[in-house]
Amino acid sequence: MKKFLLMLLSIAFVLVMAACSSGSDENASGDSKGDSSETENTGDSLESSGSSDDGGSDEGSDEQITLRMAWWGSQSRHDMTNEIIKLYEEQNPNIKIQAEFTGFSGYFEKMAAQAAGNNLPDIMQQNFGEYVNQYASQDLLEDLGPYVESGAIDLEGVSDTIIDAGKVGGTLVGIPTGTNALSATISTAALEEAGIEVPTNDWTWQDFVDIATEYKEKTGKYGARLLEPGNMFDYYVREQGYHLFNEDGTGLGYDDDQVLVDYFTMVKDMVDAEVMPGYDVISQIKGLEDELIVRGEAAMDLSNWSNQIGTLEKTAGTPIEARVLPGEGNDKGMFLKPSMLWSIPKSSEYKEEAAKFINFFTNTLEVFEIIGTDRGIPIKPEIAGELKPTLSDVDQKVFDYIEYVTDNSSPADTNFPPAASEVLSKLEDIDEMIMYGEMSPEDGATQFRQQAESILGN
Amino acid sequence: MGQETTNLETNIQNEKQVPISPKPNKRPKRKRVGADIDNRMGYLFISPFIIGTVILTLFPILYSLYLSFTDFNLIGTPEWAGLDNYKKMFTGGDMLFEKSLGVTFFYAGIGVPARLVFALLVAMALNKVIEAAGVYRTLLYLPSIVGGSIGVSIMWRQLFGTDGALNSLLTMMGLPTHSWLGDPDTAIWTLIVLYGWQFGSSMLIFLAGLRNIPKTFYEASSVDGARPIQQFFKITLPMLTPVILFNTVMQTIQGFMAFTPSFIITNGGPMNSTLLYILYMYQNAFEYFKMGYGSALAWFMLLIIALFTALIFKSSEYWVHYEDN
C-alpha cells in the first residue's frame, strides 16, 4: 500500500511540475516584471483606467491619469529617462507615468507576453526593422498619422526620409526618437601610442585588417573586438551591393555564397592570429561599460551604434573617435536608421495623452539636454541646431558623425521579415561554429542558406 | 505486482479475522446525511485552492496543449496547424531540438546521480554529528534555498569567468588558467557542478531516512563482526531504498526541467553546448515568437519526464525494499 501511495504522490508531482514547465509560457511575463520597478502599481493603474474610462481623455485636468511607458536600455538611459519623466510630471500634475524598463534582452519577450494579454503599455519604445513590422502586421499599433495632421504630435520640418522610417506599409506607426548609424569606434590614444595612424573614412577592409594586425604585433593587445555577424554581415553584404534579404523578405538577398565565405574567412583569420578575440572572451562581456575598448584591451570596435559612443567614451576615459565602417562601397553599406521609435498600442486607453507625451519628448529642448544623443540625434532640425552648441564634446562628435553619414549613405533596408531574428540567430550559431574551428567557412555559407531558406519558406 | 496482490489479500484476511464494528453495512447509511453537509463545508473551504488550480494551472496546461497544434506568434491569433509542430520536431527539420535534447540528457544523466551520491555522503557524515547538528544542517541546506535563484547563477558566472575566482586561484598556485565558460567542452560541466552543489533537499530527506533505520540493526551486525563497509551495503543502502526512489524521481524531474543556470550563466552558448531543452523552448516561444512550437516542445518534455518516472517506478520492483515485506 505504501508503495502505491508513493506512486500516486509522484504522479501528482509530475503533473504539477509539468504544469510549471508549460505554465511558464504564461508566467514568464510575471518573472520578467521582477527586474524592473513597476510591479506594485499595475493594479492601481488598471483600476484607475477602468473607472475614469467614461471621462475619456478630455481636458479635465483634475483627472488623475496613469500612463504606462516601456523602454529598454542601459542604466544611464534609465536614469536620464526617469529624469525626463519627472520633468513632464511636474509640468502636467494630473499625469503620472509608470516606467517599465529593462535591458534589451528580455524586453521584447516581455512585450510579447503583454501583447498576448492585451496589456501593452500606453507608450512603447519600438525597434526599427522586424520588430515593428511584426507588431504592425498584427494590427497592434495605432496609426499616428491623424495625430501628426492635427498637430498633436508636431513633426514640422522633419525630413521625409526620417518620418518614412516610422511607417510600415504606408501607415505611420512609430515616431523616431532620433537617428542613428553603425560606427567604427576607435581609441585614438591607443593607436597613437603604438605609432599607428588613425584611419580616415575612406578606409578599406584591408586597411582595417592591417591596422588591427599591426597594433597586435606592437602591443600584444587585440587590434579589434570580434565582429559578430548580426549587424556586421548585414553591412558587409550591403557594402558589396547586395542585401541580406530579398525584396519581399522570402529569401536571402544575395545569390553568391562567396560573399559570406569571404566574410567568414576574413574574421576567422584574424581570430586565429589573435588579432581579434574569440567567442570565449566576447561571451563574458557584461554590457557596454565592460567592452574591450573601454577596458583598453582592444583598439577598435566596429559593432557600436553612434548613440553608444557617449557612454563608451565616458566609461573609457580616453577619446573615442567614430569612423564609418570600412570598405570601398561604404557609402552603399552605411545607412541611417531611427535609433528607436515611439509607438502607441491600439489597446491604450489614453492615446491622446500618450501622443502628448511623445510630442513633448520630440519637441522639447530640455529633454535632449538631459538625454544628449542617447536615443539618437533629435529628428527636429531646429532642436538639433539649438542643442548642438550646448552639448559635450563627445555628443558634438556624434552630431558631426551623423552629418557625415547623412551625406554618405544609402537608405536602410525595411524588408526584414518577422522571422529575421531567427535567421540571424542561425547565422550567429554558424559563425560561432566556424570561429571555434568546428566548421569551414564554405560549409557555413552553404548551411546558412539552407537554414535561412527553410525558416523563411514557411 | 505479485507482491502487491498478496499484500492486499493478507489485508483483507486481516479484516475478516478481526471485525471491528459488529454491523458494518449499517454504518454508511447512518453517516450519509451528516457527510453531505461536511462535504459541502469541506469543498467550500478548499474552493480557493481548487479555483486557483483550475484557473492558474489546469487552464494554462490545456491551453498550451491546444497551442501545440497551432501556429501562434504570441501577438496575433493562433492558427490551427495540425501536427505540423510535432512533425517538425521528429522529421529532422530542427537540429537544435536534437542538440538540446542531447545536452539535457547529458546534464541530467550526470547531474542527478552526482547530486544523489553527494547528498547521501553528506547526510551520512551529518548523521554522525551530534553537537550543533542544526547549524551544519542549515549551512549545508543554504545553497539549495538560494540555488534556483538568479543571484547564484550570476555568482557562478563570476566564479568561472575568465577573470573569475577559480582562475585567480589557479594563477596563485601557478597552474594554467582556462576559459571555463568559453570552452564548449567545459561549459556544461560548470552547470553540472552547480546542480550537484545544490544537494540540500535530497540530503535532508536522506538524513531523515537514515535516522529511521533502527540502531539495533547496526549493533547486532557489529556483534556478528560486520565491518562498516558491509553495514553500509547490507543495512544502510537496502533500508534507504524507498527514500532513494523518492529522491531519484524528484531529482530526475528537476534535472530535466533546469532552466535558470543555462539562461543566466551561458545563455546556451558556446556553440549551443549548454542549450538545455527548457531554454530552447523558451527561446522559441519568446525570442522567435513561435509559441505553438514552444508548446509542442513543452508537451514532448512532459512525455519524456512521465516516461522516465514510469521507468524508475517499474525498475523499483527489483531494487526497492520496504520494511513491511
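Predicted model: local features only at pLDDT ≥ 70, side-chain atom pairs only at ≥ 80, totals over all residues.
Which residue stands opposite A:Trp342 in E12(A)? Residues are numbered from 1 along each chain as its sequence is written, and chains are lettered from A and ligands numbered from 1 in the order in which they are written.

Let's start with the sheet in chain A. Here 5 strands form an open sheet, in the order E2-E1-E3-E12-E6, with mixed pairing. Strands (E, at least two residues) and helices (H or I, at least four) are DSSP runs numbered from the N terminus, and two strands pair if DSSP finds at least two bridges between them. At the edges sit E2 (95-102) and E6 (175-176) of chain A, each pairing on one side only.

Now look at E3(A), residues 123-126. With E1(A), residues 65-72, E3(A) pairs in the parallel sense over 2 bridges. A:Met69 has A:Ile123 as its bridge partner, and A:Ala70 has A:Met124. With E12(A), E3(A) runs antiparallel, joined by 3 bridges. And here is the residue I asked about: A:Gln125 stands opposite A:Trp342.

Where do the side chains go? In a regular strand they alternate between the two faces of the sheet. In E3(A), A:Ile123 and A:Gln125 point one way, A:Met124 and A:Gln126 the other, and all are buried. Buried means 20 or more other C-beta atoms within 10 Å of a residue's own; 12 or fewer is exposed, in between is partly exposed, and C-beta atoms are placed from the backbone.

Over to chain B, with its 14 helices and 2 strands. Of its 325 residues, 30% count as buried.

Who meets whom? Among the residues in this contact are B:Ile205 and B:Phe206 from H9(B), and B:Leu240 and B:Val243 from H11(B). Contact here means C-beta atoms, placed from the backbone, within 7 Å.

Terms used:
Contact = placed C-beta atoms within 7 Å.
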